[in-house]
Amino acid sequence: MDIQSIVEADILRSIAELYPGHPGVVQLTPTKKEFEGQYTFVTFPYTKVLRQAPAQIGQAIGNWLLENSSIVRAFNVVQGFLNISIADAAWLEILNDIAADPSFGILPKKGQSVMVEFSSPNTNKPLHLGHLRNNFLGDSVSRILDAGGYDVVKTCIVNDRGVHICKSMLAYKLFGNGETPESAGMKGDHLIGKYYVLFDKAYKAQIEEMVNQGAVKEEAEKRAPLMQEVQQMLRLWEQGDPETVALWRKLNDWVYAGFDVTYKTIGVSFDKTYYESNTYLLGKEIVEEGIQKGVFYRKEDNSVWIDLTEEGLDQKLVLRSDGTSVYMTQDLGTTDLKFQDFHSDRQIWVVGNEQDYHFNVLFAILRRLERPYARELYHLSYGMVDLPTGKMKSREGTVVDADDLIQETTDAASTAADEAAKGKLDEFDEAEKKALFQMLGLGALKYYLLKVDPQKRMQFNPAESVDLHGNTGPYIQYVHARIQSILRKAVAINTIAGGTVAATQLDDVEQQLVFLLSQYPQRVTEAGTNFAPSYIAQYAYELAKTFNQFYDKLSILKETDAVKLHARLVLSKSVGETIRKAMGLLGIDVPERM
């Protein structure tokens with residue numbers, strides 16, 4: 001039963017009857033919380049056509065609905081807003097439909113495929129806080145699109161070659177003394193990250209020494225011996241030098257092993273991983289194709305460019321004068337390769353907003369090249385994440401590693417949960433406590449990063465994220481655990497939360513809960529359309545908060561009316577399952593007990 005569609009149809013009928021010859025377009029919105037009702041119809045747009053005051057139009061339509069609609073129970077008019085209340089029988093029918101549908105909120109297949117590329121780590125350092133926002137966004141958007149009926153492919157490209165990789169390789173070669181993750185007692189990605197920082201310190205020391213001897217800083221940065229060695233190492237790698245390639249493989253394998261641990265911890269996986277070392281030469285054929293088509297042009301020094309001034313993007317280099325690729329060349333080839341592999345109807349890149357210009361150029365070039373997929377490319381741009389201490393800088397070793405942050409948030413969650421439980425966690429054994437605290441810590445971290453609009457720069461506060469009383473993951477997780485506790489107690493007194501709910505009178509808060517439940521499929525659609533997990537986060541919080549209002553206002557297990565008791569248990573179970581599904585779209589697990 002789609003209440004909104006029924007009411008919209010009834011309003012159209014009322015306009016046709018009350019105002020013949022004035023067909024309209026009707027779209028309802030949820031009623032604001034300060035007014036009574038569930039749906040609102042705005043009458044202002046009809047004032048000029050119907051030559052009546054907005055409130056007069058609302059009153060006339062409201063009276064017509066009371067007399068002729070099967071599901072409208074009451075209405076009120078506030079200026080040009082007609083607020084409509086729905087009859088209990090309609091809400092009960094909705095509740096029964098939801099309770100009987102285990103796939104509620106999972107939309108029919110659309111027959112369209114979407115590729116989501118995210119993570120994009122570098123093999124010279126571990127994943128950090130910025131990577132977490134990237135991974136959580138990409139994973140959640142993939143889950144939301146999947147629930148929305150799309151066939152989703154999750155991909156990752158690993159930046160495993162280039163100057164930045166050679167920096168950590170050279171530092172390890174110079175200072176490593178055969179150290180391994182096992183001998184260091186470190187994850188492989190953390191170990192290699194250590195050498196990236198060591199390189200930067202040694203490199204800066206060389207620059208400072210050269211400047212003190214009279215060199216210009218910019219020249220010193222280019223001529224410093226360490227930078228010269230890095231450039232030589234990159235050339236050796238590109239030439240396939242066995243010793244250099246062997247070192248590269250060994251260090252990268254350590255990093256991949258470290259990444260795998262982190263990905264498993266945060267519950268992120270990929271259908272296919274691409275490696276820059278395999279794709280960086282792709283795109284040269286595309287450049288040649290573009291020259292033949294007149295899309296690109298050569299300059300006198302033999303470099304190849306494209307003029308995108310008509311798109312407001314200036315001129316862009318796509319091939320150096322020595323014939324070597326730039327990032328844009330590589331991305332042209334990789335995008336073609338991904339389309340050949342999966343033929344996705346749409347490709348989405350989850351990449352920070354510092355790359356906005358790059359993707360504008362990439363998409364413009366692919367349109368000029370008339371690629372069949374070029375009109376369905378989207379850059380899901382997101383803002384950086386800061387800590388209360390300020391911006392992170394990986395070269396200086398001030399980055400907050402993802403593993404450390406996960407542990408810090410887990411520790412904070414365990415402290416908060418212990419304080420709130422007041423001894424109840426004594427029933428848990430150590431393994432159960434550990435699992436619960438990790439679930440709460442990850443829930444806190446993911447929810448805090450996902451509840452904010454992706455495009456906004458944000459600050460992450462670990463202590464604030466684990467608050468059990470605010471708009472946080474642990475708060476919603478706690479509400480789910482509370483619902484499961486109610487359902488277990490119901491079983492203990494031989495009362496079930498299944499079957500069809502009989503006709504009964506509903507309290508306002510019960511109506512609001514059913515209304516929120518009915519909104520879930522629409523919220524999934526909206527979140528997918530806008531690639532916005534924040535929509536789902538806000539919905540989950542709103543649902544959990546409204547359930548707590550219901551729990552505080554009405555008795556559930558002590559209700560003496562058997563029909564009301566049954567209705568409240570079915571409602572509670574449906575809310576719990578919908579919270580679990582919504583949080584699942586954010587990649588967050590919910591506990592059965594706390």
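Biologist: Is Tyr378 buried, partly exposed or exposed?

Modeller: This is a predicted model, in which local features need pLDDT of at least 70, side-chain atom pairs count only at pLDDT 80 or more, and totals for chains, interfaces and linings use all residues. Residues are numbered from 1 along each chain as its sequence is written, and side-chain values use heavy atoms, with hydrogens and water left out. Buried means under 20% relative accessible area, exposed over 50% and partly exposed in between, with a 1.4 Å probe and protein chains only. Tyr378 has 25% relative accessibility, so Tyr378 counts as partly exposed.

Biologist: How is the pair formed by the rings of Tyr378 and Phe531 classed?

Modeller: Rings of Phe, Tyr and Trp (its six-membered ring) pair if their centres lie within 6.5 Å; planes under 30 degrees apart count as stacked, over 60 as edge-to-face and the rest as tilted. Here the centres are 4.7 Å apart and the planes stand at 35 degrees, so the pair of Tyr378 and Phe531 is tilted.

Biologist: How many residues apart in sequence are the parts that this pair ties together?

Modeller: Helices (H or I, at least four residues) and strands (E, at least two) are DSSP runs, numbered from the N terminus. Tyr378 lies in strand S12 (residues 377-382), and Phe531 in the loop between helix H20 (508-529) and helix H21 (533-553), so the separation in sequence is 153 residues.

Biologist: How are the axes of H8 and H11 arranged?

Modeller: Axes are lines fitted to C-alpha atoms, for helices over the stretch in contact, and angles run from 0 to 180 degrees between N-to-C directions. The axes of H8 (residues 188-212) and H11 (residues 242-266) come within 6 Å and cross at roughly 125 degrees. Angles under 35 degrees count as roughly parallel, over 145 as roughly antiparallel, 65 to 115 as roughly perpendicular and the rest as oblique. H8 is therefore, relative to H11, oblique.

Biologist: Which residues does Asn96 contact, leaving aside neighbours within four places in sequence?

Modeller: Asn96 belongs to helix H4 (residues 88-99) and, at 17% relative accessibility, is buried. Contact means heavy atoms within 4.5 Å. On that basis the partners of Asn96 are Gly499, Thr500 and Val501.

Biologist: How far apart in space are Leu586 and Ala537, C-alpha to C-alpha?

Modeller: Leu586 lies in the segment after helix H22 (562-585) and, at 1% relative accessibility, is buried. Among the residues that Leu586 touches are Pro533, Ile536 and Ala537. Leu586 and Ala537 are 49 residues apart in sequence, while their C-alpha separation is 7.4 Å.
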